[in-house]
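Let's take a walk through this structure together. Have the sequence and the 3D view ready, and we'll go piece by piece.

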Amino acid sequence: MNKKDEFLKSQKVLRLATVGKDKTPHIVPVWYLYSTKRFYVGTNSKTTKAKNAKKSKRVAFCIDVGINAPDIYGVMGQGDAKLILENSKVKRIAKKILARYFDSLENKSAKELLDDTDCIIEITPTKYSIWNY
């Protein structure tokens, strides 16, 4: 696995940018799973990010760490998003995402998030930029 993929698998917050109906950017930090060169974000179909991804598949993202050189590293990119709505697939992927953030899926907050998740935004990157200082 290369440094970029290791980094993307290890980090916890992705900033996701979508475009609204009036062409206004919407940027939100999200929990995610990086697997098979794609990002997966669990959410509810009523959220702005899900509504925007449904209307326009073009998205951008950024994951970065550090504020002082030489410990600054980041990956940003653009890609295509699609909504996964099939309930069994949504729950399977959502459990994998939540397992990255909770010691147990029996945690009250984990259960509430899983219950509220009714779609997954799948992002297929088409372009990356990497920086390291």
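Which residues are exposed on the other side of helix 2? They are Lys 54 and Lys 55, where exposed means over 50% relative accessible area, buried means under 20%, and partly exposed is in between (1.4 Å probe, protein chains only). Before going on, a word on the ground rules: this is a predicted model, where local features need pLDDT of at least 70 and side-chain atom pairs count only at pLDDT 80 or more, while totals for chains, interfaces and linings use all residues. Residues are numbered from 1 along each chain as its sequence is written, and side-chain values use heavy atoms, with hydrogens and water left out.

Back to helix 2, which spans residues 48-55. Helices (H or I, at least four residues) and strands (E, at least two) are DSSP runs, numbered from the N terminus. The buried residues here are Lys 49, Ala 50, Asn 52 and Ala 53. They cover an arc of only 165° around the axis, which puts them on the same side of helix 2; the arc is that of the directions from the helix axis to the C-beta atoms. Their cover includes strand 1 (14-19), strand 2, strand 4, strand 6 and strand 7.

One of those strands, strand 1, holds Thr 18, which counts as buried because its relative accessibility is 2%. The side chain of Thr 18 makes a polar contact of 2.9 Å with that of Asn 52. A polar contact is a pair of N or O atoms within 3.5 Å; within protein, one must be able to donate a hydrogen and the other to accept it, and residues adjacent in sequence count only if both atoms are side-chain atoms. Leaving out residues up to four places away in sequence, Thr 18 also touches Lys 49 and Val 59, among others (contact means heavy atoms within 4.5 Å).

Now hop over to helix 1, residues 3-10, where Lys 4, Asp 5, Phe 7 and Leu 8 are buried. Looking down the axis of helix 1, you'd find these buried residues within an arc of 160°, so they line one face of the helix. Among the elements covering them are strand 3, strand 5 (58-65) and strand 7 (119-132).

Time for some charges. Side chains of opposite charge can pair when their charged atoms come close. A salt bridge is a side-chain nitrogen of Lys or Arg within 4 Å of a carboxyl oxygen of Asp or Glu, and the whole structure has seven of them. One joins Asp 5 and Lys 37 (2.3 Å, N to O). That pair links distant parts of the chain, with Asp 5 in helix 1 and Lys 37 in the loop between strand 3 and strand 4, 32 residues apart. Asp 5 is buried at 6% relative accessibility, whereas Lys 37 is partly exposed at 47%.

Another salt bridge pairs Arg 15 with Asp 64 (2.3 Å, N to O). These two are also from distant parts of the chain: Arg 15 is in strand 1 and Asp 64 in strand 5, 49 residues apart.

Because they are four residues apart in helix 4 (residues 108-116), about one helical turn separates them.
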